[in-house]
Amino acid sequence: MKATLAPSSLISLPRQKASSLRSPSLLINSQRPSSALMTTKTASRGSVAVTAAATSSVEALREGIAEFYNETSGLWEEIWGDHMHHGFYDPDSSVQLSDSGHREAQIRMIEESLRFAGVTEEEKKIKRVVDVGCGIGGSSRYIASKFGAECIGITLSPVQAKRANDLAAAQSLSQKVSFQVADALEQPFEDGTFDLVWSMESGEHMPDKAKFVKELVRVAAPGGRIIIVTWCHRNLSQGEESLQPWEQNLLDRICKTFYLPAWCSTSDYVDLLQSLSLQDIKCADWSENVAPFWPAVIRTALTWKGLVSLLRSGMKSIKGALTMPLMIEGYKKGVIKFGIITCQKPL
């Protein structure tokens, strides 16, 4: 089903068999040892070995994500500022390197996401916000300033958490915004704490998508809004059990650089939310609206300043730069989708 790509568009998704959500491959790192899946089911100790391998792989993924952002966040901030996510552009727009349009587009991504979820500036109920996968805190500071809300951001990267707190202090927002190292799958918050649960491009890093969604729902207050903006693979067609081999190979190559586990589709997220009886579930495909983003990042990397900063940043940053064309290929071929999924927790 082709989605309308206007900002206000909704995708009406049929219920699909979300086989990937039950597959062990979604629960462990895509770089897991192959022996984890080769263990036989007949011996009970074999299942223990699978569990141990999966646990070890998840821990390795968590460490890899933290190290990746420890190394690359400074480079991103130097070149692109404090919003570590795609920009939102009008379809077929062209943002040149000399334009400030790409940074404005990143702010617009926040605004469009809030609007899509029905969270307006007049919304008086937004008092507490959690930013799950906060980067260096750009979204948290923006939302705190917009709504006068208290925002707490969590990240696996100690470097990001420290930088986010430093920026909050520099902007006189420390009384409203704070950041800490924490796992999105085991959030250190009480049930029903937040009026807005915000996840901007962090879902793709989650090795257990079902647990991730359950945690978002758990910490949301009754009546609270949940916003998930994330990289997805395309929805499977009727009768398809998996992506085509060439599609999976493309995603696997991206996973190795950006420390991603198995991908899922937008419809998989919808299925998960429906299974938890969430209300007002909406989703959209914004792939066309983010199309100018990766070409703009590549053009930035190819400037003298970008190249010097890239070399100074380290090997993870260099590998990330070399993988960017694969993201463009994935979008152009329709394998990668940029999805937004929003819902409301029942009162």
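These legends accompany close-up views of a predicted model.

**Figure 1**
The chain holds 12 helices and seven strands. Of its 347 residues, 54% are buried. Among contacts with a separation of 6 or more, 80% join residues 24 or more positions apart.

**Figure 1. The seven-stranded sheet.**
The seven strands form an open sheet in the order β3-β2-β1-β4-β5-β7-β6. Pairing in the sheet is mixed. The edges are taken by β3 and β6 (279-285). Each of these two strands has a single partner, so one side of each has no neighbour in the sheet. On average, neighbouring strands are turned by 15° against each other, direction ignored.

**Figure 3**
β1 and β2 run parallel and are joined by five bridges. Within this pair, V130 stands opposite I152 of β2. β1 also pairs with β4 in the parallel sense, over three bridges. Here D131 faces W198 of β4 as its opposite residue. β4 pairs with β5 over six bridges, again in the parallel sense. M200 has V229 in β5 as its bridge partner. β4 itself is mostly covered, with seven of its seven residues buried.

**Figure 2. Helix α5 and its cover.**
Helix α5 spans residues 138-147 and is mostly covered. Eight of its 10 residues are buried. They are G138, S139, S140, R141, I143, A144, K146 and F147. The cover over these buried residues includes two helices, α4 (101-116) and α6 (158-170). It also includes the strands β1 (128-132), β2 (150-155), β3 (177-181) and β4 (194-200). Just after α5, G148 takes a positive phi of about 70°.

**Figure 3. Helix α10 and its buried face.**
Helix α10 covers residues 293-301. Its buried residues are F293, W294, A296, V297, T300 and A301. Seen down the axis of α10, these residues fall within an arc of 160°, so they line one face of the helix.

**Figure 4. The packing of α11 on α12.**
Helix α11 (residues 304-313) and helix α12 (residues 315-332) pack at an angle of about 130°. Their axes lie 6 Å apart. The two helices are therefore oblique to each other. By class, the contact has four nonpolar, two polar and no charged residues. From α11, L310, L311 and S313 take part. They meet S317, I318 and A321 in α12.

**Figure 5. S174 in the loop between α6 and β3.**
S174 sits in the loop that links α6 and β3. Its relative accessibility is 40%, so S174 counts as partly exposed. Leaving aside residues up to four places away in sequence, S174 touches N165, A168 and A169. S174 and C151 are 23 residues apart in sequence. In space, their C-alpha atoms are 9.9 Å apart.

Most residues other than glycine have a negative phi. E201 has a positive phi, near 60°, and is not a glycine. E201 lies in the loop between β4 and α7. With a relative accessible area of 10%, E201 falls under the 20% cut-off and is therefore buried. D280 also has a positive phi, near 50°, in a residue other than glycine. D280 lies in strand β6. D280 has a relative accessible area of 38% and is partly exposed.

Key:
Residues are numbered from 1 along each chain as its sequence is written. This is a predicted model: local features need pLDDT of at least 70, side-chain atom pairs count only at pLDDT 80 or more; totals for chains, interfaces and linings use all residues. Side-chain values use heavy atoms; hydrogens and water are left out. Buried means under 20% relative accessible area, exposed over 50%, partly exposed in between (1.4 Å probe, protein chains only). Helices (H or I, at least four residues) and strands (E, at least two) are DSSP runs, numbered from the N terminus. Contact means heavy atoms within 4.5 Å. Axes are lines fitted to C-alpha atoms, for helices over the stretch in contact, and angles run from 0 to 180 degrees between N-to-C directions. Angles under 35 degrees count as roughly parallel, over 145 as roughly antiparallel, 65 to 115 as roughly perpendicular and the rest as oblique. Ala, Val, Leu, Ile, Met, Phe, Trp, Tyr, Cys and Pro count as nonpolar, Asp, Glu, Lys and Arg as charged, and the others, Gly among them, as polar. Two strands pair if DSSP finds at least two bridges between them. The arc is that of the directions from the helix axis to the C-beta atoms.
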